[in-house]
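Here are my notes on this one, point by point. Have the model open while you read.

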Amino acid sequence: MRSGARYGSGVGDNFLADRYRLDEVLGYGGMATVYRGRDVRLNRPVAIKTIDRRELRDPRVADRFDREARTAARLSHPNIVAVYDSGTQDGTGYIVMELVDGVTVASMLARGPLPVDQVAAQQPGGRGQDTGSDRRQTA
């Protein structure tokens with residue numbers, strides 16, 4: 001990590017692997033936080049999932065996080081984000097993924113039940129697949 005940078009604030013000089021800049025938080029859960037970020041080498045937006053370093057001390061959690069990255073990297077499907085990179089730096093684990101802008105499923109569900117035709121459009125072979133309107137989720 002560059003000197004003076006601190007994980008968690010998600011702003012400014014926060015870099016992973018001297019390549020991935022962490023910007024604002026997109027979402028978080030019990031053990032991980034997902035940031036909007038930028039791959040400064042390839043000049044493209046990315047999503048960066050980081051796991052709390054306290055959690056990563058548990059070998060079972062570290063193994064599960066590593067398996068998640070490797071398994072997701074092998075998948076290729078229009079409705080699944082691509083995994084670009086993963087690693088550990090200063091005790092913080094990270095997975096760098098394709099960033100897909102749009103609303104999250106959680107925010108859609110917070111407004112109430114989804115219409116059946118809207119859900120069907122997101123399924124393989126649904127209308128969303130034909131029109132290119134399918135949206136993959138990052139968090």
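1. The chain exposes about 8,500 Å², and carbon and sulfur atoms supply 51% of that (Shrake-Rupley areas with a 1.4 Å probe; for residues, only the protein chains shown count as cover). Buried residues, meaning those under 20% relative accessible area, make up 33% of the 139 residues.

2. A word on the basis: this is a predicted model, where local features need pLDDT of at least 70, side-chain atom pairs count only at pLDDT 80 or more, and totals for chains, interfaces and linings use all residues. Residues are numbered from 1 along each chain as its sequence is written, and side-chain values use heavy atoms, with hydrogens and water left out.

3. From the N terminus, the elements go β-β-β-β-α-α-β-β-α-α-α (DSSP runs: helices are H or I of at least four residues, strands are E of at least two). The six strands form an open sheet in the order 1-2-3-4-6-5, with antiparallel pairing (to pair, two strands need at least two DSSP bridges). Strand 1 (15–16) and strand 5 (83–89) are the edges, each pairing on one side only.

4. Strand 4 (residues 44–51) pairs with strand 6 over six bridges, antiparallel. Valine 46 sits opposite glutamate 98 of strand 6.

5. Which residue does the side chain of threonine 92 contact? Threonine 92 lies in strand 6 (residues 92–98), and its side chain makes a polar contact with the side chain of arginine 53 at 2.9 Å (N or O atoms within 3.5 Å, one able to donate a hydrogen and the other to accept it). Threonine 92 counts as buried because its relative accessibility is 5%.

Note on methods: Buried < 20%, exposed > 50% of the residue type's maximum accessible area, 1.4 Å probe, protein only.
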